[in-house]
Amino acid sequence: MEEIARVFGLNWKLFLVQTVNFSVLLLVLWYFLYRPVLQMIDERRQKIEKGVKSAEKAEKRLDEIENEREGVLKKATTEAGEILSTSKDRAQEKASEIVSEAENRADSLVDSAQQRAEEMKDRALRESKEEIGKAAILAAEQILRKK
Amino acid sequence: MENSNSAIENAADVTYAAQETATYADSGIHIALAAEQVGVFFGVPITNTLITSWIIMLLLAIIAFFVGRNLRVIPGRIQTFFEEMLSFMLGYMGEVLEDTKLARKLFPLIATLFLFIALSNLLEFTPGIGSLGFVESTRDGEVFTSVLRSVNTDLNVTLALAVIAFLSIEIVGVATLGTLTYASKFFNFKSVLGFLVGIIELFSEFARLISFSFRLFGNILAGEVLIVVIASFVPLFLPVPMMLFEVFVGLIQAAIFALLTLFFVKIAITKPH
């Protein structure tokens, strides 16, 4: 055993020094290289994850907005159509109302005019009758005076 | 008995001496299994591999510091490279372990094993490693000692890595399954066959220490030896494709070390049935 150790230059002090060396190297590399590099990788992964998530969210929101817009547009179009059709209906109604009212009024005007004409005729007749009566009385008086 | 013992020791001394100085005067090939000592610091022998491993550590620390400090949400090229590499490793670990939390906890160990071994092996043939050094006069004549030596050609390093991996595997196993359940993998008294299998498992568990350390050590050292031998025959051009291949082997070995640690952890956290 000792022979082997001597041939290969084994020395417990050297062995310990090399062990310590490696341990120190491990600590140094861990502190200066592995820890910060892995941290950076994790950080970047988180950032990418966040970015992807927010992009997805934005896309979703965009879709929602698009849908909303379409909905509003559709609603507005139908409403406008409704308004148009109701206003058309109402206009027609109004027009027919106005026409019928005018007809009524014309009828009533004609009626009242006829009535008044008849009344006038009646009065004229009555007045002429009265006149005729008066004239007859006057004529009779004159005849009587002459006699 | 004593005679034969001392004879063996003598023979071993001779081989040791050969390996230590390892100067084959006629061929000029210099191969040493052990790292050469450059100096002593507070009783700790400073070997050339130790110096190289400090340089590797420093390089990794500097890279880590600059990459870690300049992180941006929108990454640059270097940041992308590190992020891709680390997140690939982490993702793969999560798939193998089927446990994202445990993968996160174990990640620094596996990643550091890979990065340290890979960078050490990548810089294996950097000019200067193995060639910068000084000449000493010893009783065997002039001996060249290099100041830098590829890190994983030192069994101390690979054994340290193996022990760390081994302990981590056992600790994770015990922490996940609980001491009794984990121990029941190796001490199974339900049947004779189960008991035998358990003992074999226990042995193979400890054999990992040896396989882990010697696989890495052997592969990298063999590559160096191959290059040295080829370079001594054909110093120009021919070593280049071999060096490329050895760098590839070095990367593969780094991946194997890290992956085996990961797989053994997966085995350790799997419930016995």
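Hi everyone. Before the details, some ground rules. The model is predicted, so local features need pLDDT of at least 70 and side-chain atom pairs count only at pLDDT 80 or more, while totals for chains, interfaces and linings use all residues. Residues are numbered from 1 along each chain as its sequence is written, chains are lettered from A and ligands numbered from 1 in the order in which they are written, and side-chain values use heavy atoms, with hydrogens and water left out.

Let's start with chain B. Its secondary structure comes to eight helices and four strands. Here helices (H or I, at least four residues) and strands (E, at least two) are DSSP runs, numbered from the N terminus. If you walk along the sequence of chain B, the pattern reads α-β-β-α-α-α-β-β-α-α-α-α. Of its 273 residues, 43% count as buried. Buried means under 20% relative accessible area, exposed means over 50%, and partly exposed is in between, using a 1.4 Å probe and protein chains only.

What about contacts within chain B? A contact means heavy atoms within 4.5 Å. Among the contacts in chain B with a separation of 6 or more, 64% are between residues 24 or more positions apart. The accessible surface of chain B is about 14800 Å², and 71% of that belongs to carbon and sulfur atoms. Those areas come from the Shrake-Rupley method with a 1.4 Å probe; for residues, only the protein chains shown count as cover.

Now to the partners. Axes are lines fitted to C-alpha atoms, for helices over the stretch in contact, and angles run from 0 to 180 degrees between N-to-C directions.

Nonpolar covers Ala, Val, Leu, Ile, Met, Phe, Trp, Tyr, Cys and Pro; charged covers Asp, Glu, Lys and Arg; the others, Gly among them, are polar.

Compare that with α3(B). The axes of α2(A) and α3(B) come within 10 Å and cross at roughly 90°. That makes α2(A) roughly perpendicular to α3(B). Among the residues that meet here are A:L33, A:Y34 and A:R44 from α2(A), and B:F82, B:E83 and B:L90 from α3(B). This contact has nine nonpolar, two polar and two charged residues.

Next, the core. A nonpolar core is a set of buried Ala, Val, Leu, Ile, Met, Phe, Trp, Tyr and Cys residues joined through side-chain atoms within 4.5 Å. The largest one has 61 residues, and A:L33, B:L97, B:F107, B:F116 and B:L161 touch the most other members. Which helix gives the largest share? It is α4(B), with 14 residues.

Let's visit some single residues. Setting aside neighbours within four places in sequence, B:L161 is in contact with residues including A:F22, B:L113 and B:F257. B:I164 lies in helix α5 of chain B and counts as buried at 12% relative accessibility. Over in chain A, A:L26 lies in helix α2 and is buried, with a relative accessible area of 18%. Beyond its neighbours within four places, A:L26 is in contact with B:P108, B:L109 and B:T112.

Most residues other than glycine have a negative phi. B:E98, though not a glycine, has a positive phi of about 55°. B:E98 lies in the loop between α3 and α4 of chain B and is exposed, at 64% relative accessible area. B:F237 is not a glycine either, and its phi is positive, about 65°. You'll find B:F237 in the loop between α7 and α8 of chain B, exposed at 68%.

Technical notes
Angles under 35 degrees count as roughly parallel, over 145 as roughly antiparallel, 65 to 115 as roughly perpendicular and the rest as oblique.
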